[in-house]
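Here is a short briefing on one structure.

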Amino acid sequence: SKEEECDLEWVKTTRQILLDVGRTHCDHRLFIGDTPTKQSLFRILMLYAEYNCAVGYCQGMAYVAGLLLMYMSEEDSFWALVSLLERPKYLSGYYDPSLSKIRTHAEVFGLLLKDKSPELAAHLDGLGVHPLMYVTSWFMCLFTTLPCWDTVLSICDLLFLEGVDTILRTALAIMQVCSPELLAMHRLEKVLPFLQHLPSRLVSHEHLSRILWQTTVHRWEFGLYLD
């Protein structure tokens with residue numbers, strides 16, 4: 001019956017949230033062990049899945065909600081998450097079950113990379129490295145998996161101030177600082193692990209923030225590629 005199908009789907013959602021809560025921000029003291037913060041994270045994600053049934057729960061949300069919980073109360077974190085996930089300025093559509101907006105923004109990023117770093121874009125294309133292979137986790141987790149936490153906070157501050165354009169700016173800045181090493185790699189098996197586990201020496205706040213502030217993505221440019 002339809003009711004049984006809904007119950008089964010809710011059980012699947014609960015299991016997935018439990019799994020993801022256990023592997024979110026594992027190296028942060030607030031999430032090591034069975035902590036109150038980890039319990040709050042579980043409740044927030046379950047509540048959001050019920051609050052917005054059309055979206056439900058999607059992997060990546062846990063990292064965003066976990067970040068908010070580090071600096072806000074449980075209730076404030078929930079409403080901040082709602083604002084981030086549902087306002088067009090921020091991440092509206094990012095966690096849709098089809099992930100269509102993530103795919104679209106990955107395509108836009110690829111076009112911007114060709115425009116701003118044509119040599120690198122051609123090199124990666126020749127190796128069969130498509131942007132969707134590495135930017136998906138960057139975008140969905142808001143770069144919170146980067147090894148330098150001060151860098152993560154700077155990116156999030158800029159996102160809160162300027163909106164979703166910041167995600168593309170950050171991705172372009174990362175590619176710029178990584179360009180010399182990426183150009184020296186000639187196998188997909190080398191490139192992907194590198195991009196998925198970026199070395200701290202390249203994405204430290206001192207190293208990346210200057211490049212990030214110099215990187216621009218104009219609204220008209222963003223709109224042009226979306227069209």
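**Nonpolar core and packing**

The largest nonpolar core has 76 residues, and Phe109, Tyr134, Trp138, Phe139 and Met175 have the most contacts inside it. Helix H9 (residues 165-183) gives the most to this core, with 10 residues. The model is predicted: local features need pLDDT of at least 70, side-chain atom pairs count only at pLDDT 80 or more, and totals for chains, interfaces and linings use all residues. Residues are numbered from 1 along each chain as its sequence is written, and side-chain values use heavy atoms, with hydrogens and water left out.

**Core**
- A nonpolar core is a set of buried (under 20% relative accessible area, 1.4 Å probe, protein chains only) Ala, Val, Leu, Ile, Met, Phe, Trp, Tyr and Cys residues joined through side-chain atoms within 4.5 Å.
- Not counting residues up to four places away in sequence, Tyr134 touches (heavy atoms within 4.5 Å) Phe109, Leu113, Leu124, Val129, Met175 and Leu195.

**H6 against H9**
- The axes (lines fitted to C-alpha atoms over the stretch in contact) of helix H6 (residues 118-126) and H9 come within 10 Å and cross at roughly 55°.
- That makes H6 oblique to H9.
- Glu119, Leu120, His123 and Leu124 of H6 meet Met175, Ser179, Leu182 and Leu183 of H9.
- Helices are DSSP runs (H or I, at least four residues), numbered from the N terminus.

**Gly128**
- Gly128 lies in the loop between H6 and helix H7 (132-140).
- Gly128 counts as partly exposed, at 38% relative accessibility.
- Beyond its neighbours within four places in sequence, Gly128 contacts Met133 and Leu188.
- The C-alpha atoms of Gly128 and Leu188 are separated by 7.0 Å, at 60 residues apart along the chain.

Key: Buried means under 20% relative accessible area, exposed over 50%, partly exposed in between (1.4 Å probe, protein chains only). Helices (H or I, at least four residues) and strands (E, at least two) are DSSP runs, numbered from the N terminus. Axes are lines fitted to C-alpha atoms, for helices over the stretch in contact, and angles run from 0 to 180 degrees between N-to-C directions. Angles under 35 degrees count as roughly parallel, over 145 as roughly antiparallel, 65 to 115 as roughly perpendicular and the rest as oblique.
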